[in-house]
Amino acid sequence: MTAPSSGLRDHLGYWLRRLSDEVHGRFEKQLAEHGVTVSQWAVLITVHRDDASTTREVARYVGIDAGAVSRLVDRLIAKGLMSRENDPGSRRIMRLTLTEAGRALAPRLAEIADLNDAHFFAHLDPARRLLLEDWIRGLVGDVPPDTPSPAPAPAPGKAPPWTTAPPPPAR
């Protein structure tokens, strides 16, 4: 007799997708009130915070291909929120900049993003929230930009540090 196969709800990936769908769906509805999608917001906020200033840099930062970013930028330009400008140091580089309307909207959208995150994650103790974020970043291979250097690889048979159990809650 064989053991029953695992079901849908037995898979962590299922729960991560469900959570992502919930967070994304609520955020998408709120952004729609401002005429922006989540993907457009990702480009807009990345340029607003000076995390990237070219299509290629934004693509690398956001984790999508440059063609998709270019199409998103085209839509943001059509909405009057962004522009492309020649780089004074190189004729081949086009810098992405926010228009006055884009600069005015970006902080409001950032506030909406913060409130959306709070809606889903404010109940987590700050240390556990940070640990969850670290675990997820580790699983997707992202190293926070302010990390001085990557942690050394764990010894064979040892788990990476981000996989250790969280400490028990303080009482």
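Modeller: Buried means under 20% relative accessible area, exposed over 50%, and partly exposed in between, with a 1.4 Å probe and protein chains only. This is a predicted model, in which local features need pLDDT of at least 70, side-chain atom pairs count only at pLDDT 80 or more, and totals for chains, interfaces and linings use all residues. Residues are numbered from 1 along each chain as its sequence is written, and side-chain values use heavy atoms, with hydrogens and water left out.

Biologist: How many aromatic pairs are there?

Modeller: Rings of Phe, Tyr and Trp (its six-membered ring) pair if their centres lie within 6.5 Å; planes under 30 degrees apart count as stacked, over 60 as edge-to-face and the rest as tilted. By this rule there are 3 aromatic pairs. One of them joins Tyr14 and Trp15, edge-to-face, at 4.8 Å centre to centre and 75° between the planes.

Biologist: Is Tyr14 buried or exposed?

Modeller: Tyr14 is buried, because its relative accessibility is 11%. Trp15, at 38%, is partly exposed.

Biologist: Which elements hold Phe27 and Trp41?

Modeller: Helices (H or I, at least four residues) are DSSP runs, numbered from the N terminus. Phe27 is in helix H1 and Trp41 in helix H2, 14 residues apart. Their rings are edge-to-face, 4.9 Å centre to centre with 85° between the planes. Phe27 counts as buried at 7% relative accessibility, and Trp41 at 19%.

Biologist: What else is Trp41 in contact with?

Modeller: Contact means heavy atoms within 4.5 Å. Leaving aside neighbours within four places in sequence, Trp41 is in contact with Phe27, Leu31, Val36, Leu109, Ala110 and Ala113.

Definitions and conventions
Helices (H or I, at least four residues) and strands (E, at least two) are DSSP runs, numbered from the N terminus.
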